[in-house]
Amino acid sequence: MWNGMRELLRGRFARRLALAFAALGVGTAALTAVLVNTAFTARFQDYLAEQQSSRQQQLVSLFAAAHSRDDTWNTQSLDQLAPTVAMTGSEAVLLDAAGRPVWSLADANVDAATLAMHRDMMGTGALGPPRSLPVTVDGQQVGTLQVRVPQGVIPAVDKDFQASVNRLLAAGAFAAALVALAIGLFTARRATAPIAELTQAADDLAAGQRDRRVASIPDNEIGRLATAFNTMADRVEKEDELRRSFAADVAHELRTPLAIQRSQLEAIQDGISKPTENVIASLHEETLRLGRLVADLETLALADAAAFTLERAPLSLTTLVRDTITDLAGAFTDAGLTLRTDLHEAHVDGDAVRLRQIIINQLTNALKFVPDGGTVTITLRTHDGWAELRVADTGPGIPTEDLPHVFDRFFRSRAARADGSGIGLAVAAELTAAHGGTLTADSTPGRGATFTTRLPTR
């Protein structure tokens, strides 16, 4: 039976839950039996105590009547009471008002053996504790009766009734255990099935099945745990895809300059070409391209951990933006672009180096996209506790299908006029998020693009 239950309920928790239900049923029935028996016994004890008190009062009344009849304690009259007292199986000693012995059953030649015989015949049980009861006539105490009456016993029919109740309770306990076990089995299977599936899904995910998800999601705490697991698995799968894509993109970005360098060097080695100034310049340019790519990769890695490496300090964002624009003004002039600014005072808590990098990446991105004769407008405002930096241009805009991907790593729009690693905007977005802000893009093809950086003000 135990092995069958182990097969029915796979898992120690399920078995414990089922057994807990069974134990609860048995314990409840046992507690009921104890309470019933306790109440039953207490009720009979009260009943027997009432019987003893009733017999005692009957004897007191008997002796009080004898005194009322004779107006004194008459030994002959008291001896006539002896048979009645003996029939009850009681012992009695009478004292007068002064506490002197007046009469006892021994004085009437009734011995203890005779009393015991009467108790056995009547089935009244052993004698109870002695009691001293006042004997009063017309409101005046005329003596004291020291008496011991039988304690009484529970009748056999009552004992049979109690035994039958106990048998019913035992049967009820067994039935309750079976019902509780059945309910426990059902509840345990129902409660642990999602846990078992969740455990199996976690094992499968750890074994490399990145597409493994929990299918059964109940509407309870376990369901919320399963939902959290599926969310985590989705993120793990997405991170794996990003990691693979990142590795492929890096390999692709490195392959082109390396291939150019290799082909030119092999041509020189084979004597096909000579190391002229143009060849050396080309090799130098590809080397610089590799250097920029490695620097961008390093910057991206630092951006991923920016929340832990930022050196925050109160600063004027307005001054930082103005200084950065001044440094890049020559590049915009060389590209034939007009720079317009509308800067209002704004203060933030941030890393000046990282914030400057956010601004530079957006401005250099405009240099790549805006054609000669275009305009780039930079505005800075504060609104509802946020500093909003907008970089708007009059370039060709971002194609609708490209707009959701402008902050993806290594993404390069087909509208770009110059080559690049495709990391600049991704780095800017990462650094902005590390400062607790957001970087968004808005564009209409043919009507330019606007990048908005929002940072919490100080």
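Four strands of the predicted model form an open sheet in the order β2-β1-β4-β3, with antiparallel pairing, where strands (E, at least two residues) and helices (H or I, at least four) are DSSP runs numbered from the N terminus and two strands pair if DSSP finds at least two bridges between them. Strands β2 (101-104) and β3 (131-137) stand at the edges, each with a single partner strand, so one side of each is left without a neighbour in the sheet. From one strand to the next, the twist averages 25 degrees. Strand β3 is joined to β4 (residues 140-148) by seven bridges, the two running antiparallel, and Leu133 stands opposite Leu145 in β4. Helix α3 (residues 75-87) packs on this sheet, touching β1 (91-96) and β2, and its direction makes about 45 degrees with that of β2; contact means heavy atoms within 4.5 Å, and axes are lines fitted to C-alpha atoms, for helices over the stretch in contact, with angles running from 0 to 180 degrees between N-to-C directions.

Because the model is predicted, local features need pLDDT of at least 70 and side-chain atom pairs count only at pLDDT 80 or more, whereas totals for chains, interfaces and linings use all residues. Residues are numbered from 1 along each chain as its sequence is written, and side-chain values use heavy atoms, with hydrogens and water left out.

The protein chain contains eleven helices and eleven strands. Among contacts between residues at least 6 apart in sequence, 68% join residues at least 24 apart.

The 18 residues of helix α10 (residues 352-369) should span 26 Å at 1.5 Å a residue, which agrees with the 26 Å between its end C-alpha atoms; the expected span is 1.5 Å times one less than the number of residues. At the start of α10, a side-chain oxygen of Asp351 reaches to within 3.0 Å of the backbone nitrogen of Val353. The buried residues of α10 include Ile358, Ile359 and Phe369.

In helix α11 (residues 424-434), the buried residues include Leu425, Leu431 and Thr432. Thr432 has 0% relative accessibility and therefore counts as buried; residues up to four places away in sequence aside, Thr432 touches Ile358, Gly437, Thr438, Leu439, Thr453, Arg454 and Leu455. Just after α11, Gly436 takes a positive phi of about 80 degrees.

Definitions and conventions: Buried < 20%, exposed > 50% of the residue type's maximum accessible area, 1.4 Å probe, protein only. Polar contact = N/O pair within 3.5 Å; in protein donor to acceptor, adjacent residues only side chain to side chain.
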